[in-house]
Amino acid sequence: MTSAGPQTAFRVADVLRGRLEAPWEVYGEHLRRFEIHLSGDRIEMIRGPLEMEGYGLRLLRRKEGTLGIGFSATSELSTPGIARTVEVAEATASHARFPAPKAELPSSDAATTGDIETVDARLWNEPFETLESYAHQLLSQFDGRGTVVPSFGSIKATLSQSTISNSQGLERGLDRTTVEFEFAVKASGGPEGAPPGEYWVVRRQGSLPTDGIASEVDHWCRQAEAIRRAGTPASGPQKVIFPPHVLADVLPAILGFRLSGAARLRKLMPEPGAEIGSEKVTIWDDPTLPFGIGSGAFDDEGSPHSRRAILERGRVVSGLYDALHGAAFDLPSTGNASREGTFTSESIRFAHSPQPGTSNLSWEPGDGGTDEELIEAVGEGIWLEQLGYAFPDAFSGAFGGEIRVGYRIEHGKLGEPIRGGIIGGLLFGGPGEPSLLRSVTSTGSRPRTEGSLRAPSVVVDPMAVAGGTGT
Amino acid sequence: MALLTDHEDHFEKALRRLEAFSSFAELMAERSSGGRLRFDSSAVSPGPAPRLGGVVLRAWDGQRWVEAAVASFEPTALAATAQQVIHRLPARTSATPPPGEAATGRAERVVDAKRPPSSETVEDRIALAKEWFGWATSVPGIHNAIISLFDTEDERLYLSTAGARQYQRLVRTGASVVPIALENGRVEYDYMAEGRLGGYEVLDRITEDRVLEVARESQELLKAEAAPTGSMTVLMDPSTSGTFAHESFGHGTEADQLLRDRSYLKPLLGQVLGPECLTLVDDGSWPDGWGTIFFDDEGHPAQRTVMVDHGRFVEVLHDRESAAAMGRTARGNTRRADFMGRPFVRMTNTMVEPSDWTFAELLEEAKEGVLLQSCTSGIEDPLGGQMQIKVKKARSIENGQITKRYSSMGLSGRVLDVLRAIKGVSGPEDFAMSPGSCGKGHSDILPAGTGGTYLLTEAVVGPA
């Protein structure tokens, strides 16, 4: 979906066209953010509109068999501001070096796939009203719950209008809604001695669905109460079930780098055909997910992209390339240019030069059935409900964190809650190294979308667990 | 280039528009810029940090704050943004002022960078990175090293209807060196990072000896053994103890969380929580710290706050509202990530103060356990009182001696248990500050320094 918005890149490109040596590219963005902050059961602060408009200019300059990439980003949209941006980008290009003799930026000839849902229309048209309505609906779910109450939260909606223009004549635009949701539920009271328990939900998603709030709040309240009576897990290798919301914090960050042209340049990408997972692991790069964080008919350079297998039955199918990293290996772009920056939860893309990465990931469902059937099949093990933070390390492939809440699986059923201790290891490693992907023994049949990942729950056996007693 | 203060008349006009509709209003204008360089075996990528600028306006509606922001200094855009705030204020101006004491100071403070980043050419930066790269890759087995240089200039002007005018220009410079060791598809690395308030003189701390050491450590990690799991004696290095102070205790002392009943520390103020050797401090006025500021984003001067004094929990960090609610004074800890971000009670530079143990004594005391090194991250659990800290490498302690290597470990535990289990903290000769990034929850990331010495305690550890 594209609206007749400020068309930032097109306006900047109009100034540059005919005056700037090709190739060049402008990524423009106009953002309006609206926020509601919650403290306890009240709205603490209303913020918005918070408006940001800016662009990133990228220049590709040939020099002695390599390319000099110049990039400069700014919110200065005046003509002198644009002139300064060109000057800075040219200066950096003259000192930069990238190992490709040339690169082709996409042209407008490249067809893109059809409409992909990236805009929550209600949020787009009535942002404050939609956020306030959602906040009131959310808070009203706690009426009558007694000692289980909301403690802290924020709902932030960013409405972005992105535009791309380049010296090849390409002009594309994409509207997108992004919702950052953070909410903590506290359980307290009851018999003396038990400290309060808090379940802390953090999400980034493309829409703000109101369906299912009641059942979600029920789930969060149960987790907050479970934390109060949680025990410590035992140490040692165990069967662990990872639900999609836990996998979403690990997979995109590590696979997005290690299967990319950027990793291949540094000899860190496994060769196509290499085995890095079990036969249960088939994963697609999937920009078609409705309201996925990385969804859209084209990537952040304007190249068309489509659903494509990157891991099939545990083996690497192919890499992820943008125009530049594709050129380094004499390959076309796979439509995987991304401007999502590390730690940029605030959704500003124009400030980042594109890098190859995943759009969204889709993990092919298996025959493991529902979560309840996976639990029954596991028999004895751990259901991992939430990690503190998985801190995925894209270079080494390591991940891991503290168990904020999980459950013992006993006799094929969820048992007592657990908390504390560490679950972690490698997502994928070198040949023969134990890893999560190599240890997947079963995949569920019911995928769910969490941010930029659609996946079922998966069983990992064995997984290292550090708990109460040492080994 | 024009200064932020060149637009001050426009800012004043926008603020005066709000004054007619609110008992108190304030404005924070910001402009940021800087430089970056990434250098490794495959590419040289210099580039400026984004040049961003804008203004946030905040007004009190009698019950809560209302804010709007715009990435512009143009009078029409500022007027429109003020109008957006006015639109959300009640028709009748409330006479009720916001809680707490408004800052009234008027000052200008600028970081005195001896070698301002703006005077360093791209060639100078590349030459520096190339030299470090050469040192790192001179170690056998290290074929690549990722060198990153970064500097920012952050200019902020705070104005309020109470008469405050606080201008500050902060220059931060930092760098990291990450030598990559690769063998049969296994990837390992150690890292070093420096970052402080100041110019390129900060990077003089990155020496050949330090780069060689971190490169050798990266290579040695290829031989790392499987990490132990379970509860054991843990010796934290200075980077880890600093993160421990920040994540485990610092977030729990942010007073907005106490007002929300969202801190496990709330009922413990005034109590003894740790041994005599434990003193924890937050200090926004620390000379040249990565998280140092002159004023906070409510206009209050930054200062030193002792949170734990020789084991006793004595003070928390405040903004104007929490200070009023708890009968204290604002302590310069209200920070916005940028003009688009909201103000929160935040840490600045958080540290474990040195005590009087030596490293050798702590090792001997530990007898068996692990030494955690090169901290990479942590995350808070303000109500639950748990903590998670991750490190890039660790060493086994056997019989008081450092032995085997482990890679990528995590630490977990109840903060109060870990505090009570502290056996010793080493002296000033081991003290080190590290640059870091801090979020409030999972957003609003801003620069924060951490510091500490070696600290001996007990916790659960495992691979992560």
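Helices (H or I, at least four residues) and strands (E, at least two) are DSSP runs, numbered from the N terminus, and Pro462(A), for example, has its place in strand S21 (residues 458-466) of chain A. This is a predicted model, in which local features need pLDDT of at least 70 and side-chain atom pairs count only at pLDDT 80 or more, while totals for chains, interfaces and linings use all residues. Residues are numbered from 1 along each chain as its sequence is written, chains are lettered from A and ligands numbered from 1 in the order in which they are written, and side-chain values use heavy atoms, with hydrogens and water left out.

**The interface of chain A and chain B**

- Taking contact to mean heavy atoms within 4.5 Å, the interface draws 89 residues from chain A and 83 residues from chain B.
- The two chains bury about 6800 Å² between them, 54% of it on carbon and sulfur atoms, where buried area is the accessible area (1.4 Å probe) that two parts lose on being put together, summed over both.
- A salt bridge is a side-chain nitrogen of Lys or Arg within 4 Å of a carboxyl oxygen of Asp or Glu, and by this rule 10 salt bridges are found across the interface of chain B and chain A.
- One of the salt bridges in the model is formed by the side chains of Arg186(B) and Glu433(A), with 3.7 Å from N to O.
- On the side of chain B that touches chain A, strand S2 (residues 44-60) of chain B gives the most, with 11 residues.
- By class, that side of chain B has 36 nonpolar, 26 polar and 21 charged residues, where Ala, Val, Leu, Ile, Met, Phe, Trp, Tyr, Cys and Pro count as nonpolar, Asp, Glu, Lys and Arg as charged, and the others, Gly among them, as polar.
- Strands pair between the chains as well, if DSSP finds at least two bridges between them: strand S2 (residues 42-63) of chain A and strand S3 (residues 65-70) of chain B run in the parallel sense over 5 bridges, and Met45(A) has Trp65(B) as its bridge partner in S3(B).

**A sheet in each chain**

- In chain A, 6 strands form an open sheet with mixed pairing, in the order S10-S9-S8-S13-S20-S19, and its edge strands, each pairing on one side only, are strand S10 (315-316) and strand S19 (448-450).
- Within chain A, strand S8 (residues 283-285) and strand S9 (residues 308-312) pair in the antiparallel sense over 3 bridges, and Trp284(A) stands opposite Ala309(A) in S9(A).
- In chain B, an open sheet of 6 strands, also with mixed pairing, has the order S12-S11-S10-S15-S21-S20, and its edge strands, each pairing on one side only, are strand S12 (312-313) and strand S20 (432-440).
- Strand S10 (residues 280-283) and strand S11 (residues 304-309) of chain B pair in the antiparallel sense over 4 bridges, and Val281(B) has Val306(B) as its bridge partner in S11(B).

- Most residues other than glycine have a negative phi, and most peptide bonds are trans.
- The peptide bond from Ala22(A) to Pro23(A) is cis, with omega near -5°, and Pro23(A) is found in the loop between helix H1 (8-16) and strand S1 (24-39) of chain A.
- Another cis peptide bond joins Asp461(A) and Pro462(A), with omega about 5°.
- Asn184(B), although not a glycine, has a positive phi of about 50°.
- The whole structure holds 65 salt bridges over all chains, including the one between the side chains of Glu53(A) and Arg11(A), at 2.6 Å from N to O.
- Glu53(A) lies in strand S2 and Arg11(A) in helix H1 of chain A, so this pair ties together parts that are 42 residues apart in sequence.
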